[in-house]
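Here's a quick tour of one protein chain, with a look at its confidence, its contacts and its surface. Have the structure open as you read.

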Amino acid sequence: MSLKNKAISSFNWTILDGLVSQGFLFIVGIVLARILSPEEIGIIGYLTVFLAIANIIVEAGFGSALIRKTTVSVKDYNTVFFINLITAFGLYILLYFTAEIIASFFETPILKEILQLAGAVLIINALSLIHKTQYTKFLKFKLQAIVSVTAAAISGICALIMAYAGYGVWSLVALAVVRPAIVCIVYWITNDWRPKWLFSYNSFKELFDFGYKLLLANMINTIYHNIFYIVIGKYFSTASLGFYTRAEQFKTPVSSNITAAIQRISFPILSTIKDDEERLKIAFQKFIRFAVYINFPILLGLIAMAKPMVFLLIGEKWETSILYFQLLCIAGLLYPLQILHLNLLLVKGHSNLNLRLEVIKKLILVPIIILSIKLGILFMIYGLVFFAFIEFFINSFYTRKLIGYSWKEQFMDILPILFLSIVTSLIMFSILYFKLSDLITFILQIIIGIFVFILGSRLLNLPEFDEVYQKVQGVFSKLV
């Protein structure tokens, strides 16, 4: 199979995974938001922070190092497996015995039991890391999609049953634990790889030399993406954290899943042509244009639909989250591009530059965090929007040097798509002035938005439209 066909097939299955599994979880989240209070949603925000940071430490950049390495030995896989597993056990023990201190810090007593139970996810993820890495390295996204959809469905149903039975926040904990547990079990059933009592210091040193820089960069980036949960929860209120968390959960199925799809596919594919700069630049340009063609119209469309969507899906009690959601969507516009630029650095072996950029960016972020404590949540989110654009320019700085792809070229490549997406969003916004019901407004915005964007794509003769059309056909052919 050619590189292009591998990319198309991988993208089809990754998008199918995102549409079905994340779509199902999104619906589950909407139902839970109607049952649970903002305070209960806020509590799970704390859990998200600690698990995200701990999982980055467990993975330690070894997965990416294995994917990038051309020939991986049996010793490589086993060395990484045992390092990850030992790290996971150590972090879980640490989290278990510090849970009471953390709960006291946030003045949320129930957080102690939640962290002690949900912390087991670290060990679960470590057990399945090699299996997942192998599937990604060899572009086996079909199986990953099937497993992900199955896990999302079962864990989502468990969470709904518990929520309706009155278990409150524990329904969200079940969602966080059951899903990775199912993924781990199925990966062990479907993948023949089994650990052996092998450990190689040379393998560890080789992979760690690349991975530790990525670990530090990912750690800094993860702390950045989660520090606001801590700031809001500590200095404002659990309800405020609930509104912010709900806004993030509305944005995440779109921006984060598009980013994850682009990242999972681009890294192994670009790694195979990393020594051919001409092919690498062409492939990178295609990823850039395709990422914005998907991300820009959806996020700008969601900004226009935010008010009727929130009122219709989760009710007026969540009105505070509408502006948060709209601003977070603006910040999320450039996120897939940022990840692509960082992927290029890693593909070319510059994990040290990746780390340096993360340090520089987060130093710029510190004043925003400090001022937000004094000036409030809205200032913090506006700061995130500003920082997203600064981050994009910093991340893309070395792309010109590595493959000769300048800022001007990038801007000209995405300009037609940006223009069309803005026009589409403004037309969708105009429907709000007719003062129709939330349901009618929401439906009209979707229909008119899709029509305008497709018509504009045809008039501007955007090649991405034909590619997306083919990919959509591929996704639906897998569904039927």
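## Ground rules

Let's settle burial first: buried means under 20% relative accessible area, exposed means over 50%, and partly exposed is in between, using a 1.4 Å probe and protein chains only. What you have here is a predicted model, where local features need pLDDT of at least 70 and side-chain atom pairs count only at pLDDT 80 or more, while totals for chains, interfaces and linings use all residues. Residues are numbered from 1 along each chain as its sequence is written, and side-chain values use heavy atoms, with hydrogens and water left out.

## Confidence

On pLDDT (the predictor's confidence in each residue, from 0 to 100), the protein averages 81, and 91% of the residues score at least 70. Helix H18 (residues 438-459) does best with a mean of 93, whereas helix H19 (residues 463-479) sits lowest at 65. Helices here are DSSP runs (H or I, at least four residues), numbered from the N terminus.

## Salt bridges

How many salt bridges are there? Three, counting a side-chain nitrogen of Lys or Arg within 4 Å of a carboxyl oxygen of Asp or Glu. Take Glu464 and Arg289, whose side chains meet at 2.4 Å, N to O. Glu464 belongs to helix H19 and Arg289 to helix H11, so this pair ties together parts that are 175 residues apart in sequence. Both ends are tucked away: Glu464 is buried at 5% relative accessibility, and Arg289 is buried at 15%.

Lys281 bridges to Glu409, with the closest N and O atoms 3.3 Å apart. Here helix H11 (residues 277-313) is linked to helix H17 (residues 407-430), so parts 128 residues apart in sequence are tied together. Glu409 is partly exposed, at 30%. Then there's Lys112 with Glu100, at 3.7 Å between the closest N and O atoms. Lys112 is in helix H5 (residues 111-118) and Glu100 in helix H4, so the parts being joined are twelve residues apart in sequence. Lys112 is partly exposed at 26%, while Glu100 is exposed at 52%.

## Aromatic contacts

Rings of Phe, Tyr and Trp (its six-membered ring) pair if their centres lie within 6.5 Å; planes under 30 degrees apart count as stacked, over 60 as edge-to-face and the rest as tilted. That rule gives ten aromatic pairs. One of them is Phe82 with Trp197, stacked at 5.2 Å centre to centre with 15 degrees between the planes. Phe82 is in helix H4 (residues 74-105) and Trp197 in the loop between helices H8 (170-190) and H9 (201-235), so the pair ties together parts 115 residues apart in sequence.

The two partners contrast in burial: Phe82 is buried at 17%, but Trp197 is exposed at 83%.

Helix H15 (residues 377-395) has 19 residues and reaches 26 Å from first C-alpha to last, close to the 27 Å expected at 1.5 Å times one less than its number of residues. Its buried residues include Ile377, Met380, Ile381, Leu384, Phe387, Ala388 and Glu391. An α-helix has 3.6 residues a turn, so residues three or four places apart point the same way.

Notes: Helix = DSSP H or I, 4+ residues; strand = E, 2+ residues; numbered from the N terminus.
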